[in-house]
Amino acid sequence: MKDFITIKENVSSEIVEKKSKFIANLFYVESVKEAEEIIKQINKKYFDARHNCIAYRVVENEQIIEKSSDNGEPFGTAGAPMLNILQKNNLANVLVIVTRYFGGILLGTGGLVRAYSNSLLQAIENSTIVEKCIGQEIEVVLEYSEFENFKYYCKNNDINIVNSQYSENIVCKIEAQEAQKQRLLEDFQSKNIKLIDICELSKKYITKSKEK
């Protein structure tokens, strides 16, 4: 599985076409199960809407699983066009649900395709886009006196501190790309950075650092 593009956080947007209201909700998801659960929640939230059309692309087992649904709209006018937009933009681990409140005026197939597509495109425009790549989750143990130095080191080396636990020492869970991980291990061995212990955990998709 190659690197892919996704959204940093959930966003929503709204457009009106010939009195029909289209509400686009764009979610960051990490599994098909999570996507399907959100679909159920949105269906309950907008139970009074005419349609809740969906499309998603989710990375599981290093493959992209795709799904789309027109949810009662004419075939190919909602789910498929939105899925096509996600594909063209290399977006994955995203779920889009566009809710339509019918305004009494028929839009026709072309009008529906444009409305659902524009709803998603506006949501993407409002999103913060990030790139994901395979990285390493790592646990490090350090003394309290070294924490500020370690945070400075991580910032300068594009290493993300996911969380920190405080007990006798500080235990940090971090994420790093392969190159940054190797540099960290080398600096630990050469004592350029003072850590009590370091342990490589699982490989996972992490947010790719920007080139400096």
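Strand β9, residues 170-176, is mostly covered, since six of its seven residues are buried, where buried stands for under 20% relative accessible area, exposed for over 50% and partly exposed for what lies in between, using a 1.4 Å probe and protein chains only. Strands such as this one (E, at least two residues) and helices (H or I, at least four) are DSSP runs numbered from the N terminus. The model is predicted, so that local features need pLDDT of at least 70 and side-chain atom pairs count only at pLDDT 80 or more, whereas totals for chains, interfaces and linings use all residues. Residues are numbered from 1 along each chain as its sequence is written, and side-chain values rest on heavy atoms, with hydrogens and water left out.

Strand β9 pairs with β7 (residues 129-142), to which it runs antiparallel and is joined by seven bridges; two strands count as paired if DSSP finds at least two bridges between them. Within this pairing, Val171 of β9 is the bridge partner of Val141. Strand β8 also pairs with β9 in the antiparallel sense, over six bridges, and here Ile174 of β9 is the partner of Ile161. A hairpin of three residues joins β8 to β9. The C-alpha atoms of Asp158 and Gly76 are separated by 43 Å, the two residues being 82 apart along the chain.

The nonpolar cores come next, each being a set of buried Ala, Val, Leu, Ile, Met, Phe, Trp, Tyr and Cys residues joined through side-chain atoms within 4.5 Å. In soluble globular proteins, nonpolar side chains tend to be buried together. The largest core has 24 residues, and those with the most contacts inside it are Leu26, Met82, Val96, Tyr116 and Leu120. At least two residues of this core come from each of β2 (11-17), β3, β4 (51-60), α2 (79-88), β6 (94-101) and α3, with α3 giving the most, six residues. A second, separate core of 18 residues includes Leu142, Phe147, Ala176 and Ile193. Val96 touches, among others, Leu26, Cys53, Met82 and Leu120, when residues up to four places away in sequence are not counted; contact here means heavy atoms within 4.5 Å.

Aromatic pairs are a further topic. Five of them are found in a search of the whole structure, where rings of Phe, Tyr and Trp (its six-membered ring) pair if their centres lie within 6.5 Å, and planes under 30 degrees apart count as stacked, over 60 as edge-to-face and the rest as tilted. Phe22 and Tyr116 form an edge-to-face pair, at 5.1 Å centre to centre with 85° between the planes. This pair links distant parts of the chain, with Phe22 in strand β3 (residues 20-28) and Tyr116 in helix α3, 94 residues apart. Phe22 is buried with a relative accessible area of 0%, and Tyr116 is buried with a relative accessible area of 0%. Elsewhere, Tyr144, Phe147 and Tyr166 form one aromatic cluster.

Ser117 has its place in helix α3 (residues 108-125) and counts as buried at 11% relative accessibility. The side chain of Ser117 reaches the backbone oxygen of Val113 at 2.7 Å. Leaving aside neighbours within four places in sequence, Ser117 is in contact with Pro81 and Ile85.

Key
A polar contact is a pair of N or O atoms within 3.5 Å; within protein, one must be able to donate a hydrogen and the other to accept it, and residues adjacent in sequence count only if both atoms are side-chain atoms.
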